[in-house]
Amino acid sequence: MTAYTDLDALTDFFGRYGAALTAGDVPALAGCYALPGLVVSDTYSFTFASPAAVALSFVGAAPDYQERELVAAHATIEDVQPVSALLTMVAVEWEFLDSQGRRVPGERYRYLLRTTDEGPLICTVVRTA
């Protein structure tokens, strides 16, 4: 096993992640994370050690996506850097579509992914500028 750097595999992973995000599929979102995990932004950080804790971290996001009528998410992979034998840092810019088919600018994140037998899993998420 080696760190995921294949753009097709990473695009597929973030495609599934984005679909789960906009559908509010919390169990699928939780399945995208390695445990324990970490989320970091300018104003807060939090960790989670169980799938239930991952799910709770997304419970508040689902109503926001519904209120904004976001129906699809597209990840543009901007950079992929192998960090170690099984870790990869991936820079992603998200773009959303609303229910009217309009593009809605998203945000940028860096994801530290761990290669596992099941595929890549997110270890750390950092919101970037």
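Phe-46 counts as partly exposed because its relative accessibility is 29% (buried means under 20% relative accessible area, exposed over 50%, partly exposed in between, with a 1.4 Å probe and protein chains only). The model is predicted, so local features need pLDDT of at least 70 and side-chain atom pairs count only at pLDDT 80 or more, while totals for chains, interfaces and linings use all residues. Residues are numbered from 1 along each chain as its sequence is written, and side-chain values use heavy atoms, with hydrogens and water left out.

**Aromatic contacts**

- The structure holds 12 aromatic pairs (rings of Phe, Tyr and Trp, the last by its six-membered ring, with centres within 6.5 Å; planes under 30 degrees apart are stacked, over 60 edge-to-face, the rest tilted).
- One of these pairs, Phe-14 with Tyr-111, is tilted, at 4.9 Å centre to centre and 55 degrees between the planes.
- This pair links distant parts of the chain, 97 residues apart, with Phe-14 in helix α1 (residues 7-23) and Tyr-111 in strand β5 (residues 103-116) (helices, H or I of at least four residues, and strands, E of at least two, are DSSP runs numbered from the N terminus).
- Both Phe-14 and Tyr-111 are buried.
- Tyr-44 and Phe-46 form a stacked pair, with 6.1 Å centre to centre and 15 degrees between the planes.
- Tyr-44 is partly exposed, at 45% relative accessibility.
- One aromatic cluster includes Phe-14, Tyr-44, Phe-46, Phe-58, Tyr-109 and Tyr-111.

**Largest pocket**

- The largest pocket holds about 550 Å³ of space (on a 1 Å grid over the protein atoms alone, a pocket is an open set of points where a 1.4 Å probe fits, with protein on both sides within 12 Å along at least five of seven lines; lining residues have an atom within 4 Å of a point).
- Its lining comprises 24 residues, and Tyr-44, Phe-58, Tyr-65, Glu-107 and Tyr-109 lie nearest the centre of the pocket.
- Strand β5 gives the largest share of this lining, 5 residues.

**Salt bridges**

- The whole structure contains 6 salt bridges (a side-chain nitrogen of Lys or Arg within 4 Å of a carboxyl oxygen of Asp or Glu).
- Arg-16 and Asp-12 meet in a salt bridge at 2.5 Å, N to O; both residues lie in helix α1, 4 residues apart, about one turn of the helix.
- Glu-78 and Arg-108 form a salt bridge at 3.0 Å, N to O.
- Glu-78 lies in strand β3 (residues 70-82) and Arg-108 in strand β5, so the pair ties together parts 30 residues apart in sequence.
- In the salt bridge between Arg-103 and Glu-95, the closest N and O atoms are 2.9 Å apart.
- Arg-103 is exposed, at 64% relative accessibility, whereas Glu-95 is partly exposed, with a relative accessible area of 26%.

Methods
Points joined across faces, edges and corners; volume = space filled by probe spheres on them.
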